[in-house]
Amino acid sequence: MTTLTAPDPVAPDLTASEPVTGDVDDPLDAYSRAVVSVVERLGGSVASLRVETGGPAGRPVGSGSAVVISGDGLLLTSAHVVERGGDGTATFADGTEARFELVGADRLSDLAVVRASGSGYTPARLGDADALRVGQLVVAIGNPFGMAGSVSAGVVSALGRSLLASSGRTSRVVDDVIQTDAALHPGNSGGALATAGAEVVGINTAVVGPGIGQGLGMAVPVNTTTRAIVGALAAGRQVRRPYLGLGGGTRPLPPPVAAAVGRRRGVEVLSVMTASPAQRAGLRVGDVVVTLDGRAVESVRDLQRGLGEADIGREVVLEVVRDGQLVTRRAHCEELPI
């Protein structure tokens, strides 16, 4: 943070021929130094990926960016960057090139891990997107189109956005997506979104097009949830998710009901999938879920975060408001089919 010194008590003569000097920082200079510092500290940990089809005679099928997360060559990128090919070449800011191969990808979070040959890489420092605030300075670093590097700066323009991700016939909402006005390009996918302290808090994933929000970009957050996903991918494991089979949205509760349950909102059930755990538990369209295993539920995010891999095969208890009454339903959680 820039410290502004108090002005001299004697007002300067602005008509004097000599320039006024002092210790007061120009805000634009401070902003510029912050961005430059991020680039200097993080630029070497962001690579350009040239994705190819398999085999020695592989042909280019895509490109994007990636962030080094371990000294032995693990890189984090977007799943859609590597979906058409499993290997290729990673190029770093100093011109170094290394072959990489896919370790694991998870389309439902749009995250993938690849491993570059060799060692001695400088890993980026991962932060916590849950601590971000709207208006906070962020810097996007990537290598669009395989160029030498691209840097743009802006602010967090919104938090808690959602992004629909699909894998086969399965779709899932990626929650807590970061929206930023830092300029992004398609080749920035998989690159870093970092704070002024050079901590990576997001992986750039999408550019919002005309008619929706020109000049806005989206990034998958780096937080406790995504760290667990990255850990599974790095270990070569498939990401397993629990499944209830209901769709819903936040709904305010009527004042008498809100007073009775001690909260103002819940998740209204808008759809129940056939033969799903939710249907077998007797959940209906119009029910409003207010707790999951005793924990408050006020959003779809609360439902998603309240269930983890350990809950697969376990019975969970949901309290729902139905016709103004609080009722309990027990659902046997299954693994999300892909």
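The mean pLDDT of this chain, that is, the predictor's confidence in each residue from 0 to 100, is 84, and 84% of the residues reach 70 or more. This is a predicted model, in which local features need pLDDT of at least 70 and side-chain atom pairs count only at pLDDT 80 or more, while totals for chains, interfaces and linings use all residues. Residues are numbered from 1 along each chain as its sequence is written, and side-chain values use heavy atoms, with hydrogens and water left out.

I turn to the interior. A nonpolar core here is a set of buried Ala, Val, Leu, Ile, Met, Phe, Trp, Tyr and Cys residues joined through side-chain atoms within 4.5 Å; buried means under 20% relative accessible area, exposed over 50%, and partly exposed in between, with a 1.4 Å probe and protein chains only. The largest such core has 23 residues, of which Leu 42, Leu 111 and Val 200 touch the most other members. A second, separate core holds 18 residues, among them Ala 47, Val 61, Ala 98 and Tyr 121.

Ala 275, although not a glycine, has a positive phi of about 60°, and at 48% relative accessibility Ala 275 is partly exposed. Asp 293, also a residue other than glycine, has a positive phi near 50°; with 26% relative accessibility, Asp 293 counts as partly exposed.
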